[in-house]
Amino acid sequence: MVDLQTLPDKGADMADPNRLILTAALEWTLAMGADAVVADVAVDWLAADATAPGRDFDLAGASEAVVVAHDRDGSAMPDTYSTAARSARPGGASNAPQIKPARPAGPPAPLRKFTASVPDGAIAAAKAAARQATSLEDLQRSLTTFEGCSLKATAKSVCFYRGAAQAPLMVIGDTPGRDEDMEGRPFVGPAGNLLDRILAAAGWTENDVHIANLIYWRPPGNRPPTQLELDSCRPFLERQIELVSPRALLILGQAAAKHILRTDEPILKIRGRWQTLAIGDLNVPVIASLHPTYLVRTPIAKRQVWLDILSVREVLKGRST
Ligand code: URA
């Protein structure tokens with residue numbers, strides 16, 4: 001791997017115009033957010049058509065997807081519809097998903113205008129694909145072929161999980177960074193290093209935990225994921241939690257806590273408090289704590305994380321808090 005941070009020394013041979021041009025191009029690339037070379041051949045994005053990566057995907061797999069129509073004011077309609085989706089190509093009205101009432105019997109539902117947008121389609125497709133997975137291998141295969149999250153276009157790998165397939169404790173961070181994208185495994189950079197040391201202090205190795213993230217692909221330049229990116233990954237994450245079926249979930253950091261617990265409360269306020277996360281028939285105790293990246297900058301906060309880890313240990317031992 002070439003690290004773009006180690007740019008050529010401009011002072012070395014300023015007389016060579018090619019060197020100057022190449023250095024300027026590298027500097028521009030770096031300023032645009034690229035920080036690693038991930039392949040030998042560059043992708044010519046200008047040669048692609050005008051469709052944004054990930055938008056123009058086939059919804060065939062979403063034929064059984066359940067979507068809930070929304071009123072104009074955003075409130076969910078009482079009826080649930082199943083999509084007879086074929087493909088949702090932007091702008092192609094004849095290709096738009098067809099919506100059929102799930103229960104044809106009974107009085108006809110009031111006519112509502114409903115157009116499944118591509119974001120709705122991406123989430124419906126994610127739900128359908130995730131629901132079909134009966135093992136982690138299935139789920140990984142689904143993620144590999146899923147085209148509903150545009151992050152896939154710029155990431156090198158699917159970052160699925162690290163550690164044990166089945167584990168009493170599942171740890172969830174936010175997004176893969178550069179190291180994770182290169183290796184295709186969550187938490188393998190400096191934050192992961194600290195996480196491993198925290199887990200080791202509690203007596204756990206990688207084989208005792210299942211480590212994952214909210215998002216399966218690295219956002220370019222480590223930008224925060226968009227709501228649509230989060231929402232299109234969530235069905236896979238929920239299925240992953242069901243398949244791992246942990247006895248406790250440890251959520252790391254504000255972003256993960258906000259998305260999983262659907263709260264806007266600051267992490268410093270909600271950390272250390274046990275709640276229950278319901279996914280289908282599964283009810284799993286969940287606790288949020290501080291993110292290792294925060295601890296790298298704020299070592300004094302390690303004390304709070306240690307209290308949370310002790311609490312997790314008690315719960316796993318069956319001594320509930
Ligand atoms: N690396 C990850 O995989 N997840 C994080 O949340 C941070 C770093």
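Let's start with strand β7, which covers residues 248-252 in this predicted model. Five of its five residues are buried, so β7 is largely enclosed by the rest of the structure. Here "buried" means under 20% relative accessible area.

You can check this one face at a time. In a regular strand, the side chains alternate between the two faces of the sheet. On one side of β7 you'll find A248, L250 and L252, and on the other L249 and I251. These residues are all buried, so both faces of the strand count as covered.

What about the strands that pair with β7? Strand β5, residues 169-173, pairs with β7 in the parallel sense over four bridges. Strand β9, residues 282-289, also pairs with β7 in the parallel sense, again over four bridges. I251 is a handy landmark here: I172 stands opposite I251, and in β9 the bridge partner of I251 is A288.

Now move on to the ligand. Which residues are around it? They are G173, D174, T175, P176, E180, P186, F187, N213 and H291. Sorted by class, this shell has three nonpolar, four polar and two charged residues.

A backbone N or O atom of D174 sits 2.8 Å from a ligand oxygen, while a backbone N or O atom of T175 is 3.2 Å from a ligand nitrogen. N213 uses its side chain instead: an N or O atom there lies 2.8 Å from an oxygen atom of the ligand. On its own, the ligand has 230 Å² of accessible area, and the protein covers 92% of that.

Technical notes. Residues numbered from 1 in each chain as written. Predicted model: local features only at pLDDT ≥ 70, side-chain atom pairs only at ≥ 80, totals over all residues. Heavy atoms only, no water. Near = heavy atom within 4 Å. Polar contact = N/O pair within 3.5 Å; in protein donor to acceptor, adjacent residues only side chain to side chain. Areas by Shrake-Rupley, 256 points an atom, 1.4 Å probe, with all protein chains shown as cover. Nonpolar A, V, L, I, M, F, W, Y, C, P; charged D, E, K, R; others polar. Buried < 20%, exposed > 50% of the residue type's maximum accessible area, 1.4 Å probe, protein only. Helix = DSSP H or I, 4+ residues; strand = E, 2+ residues; numbered from the N terminus. Pairing = 2+ DSSP bridges.
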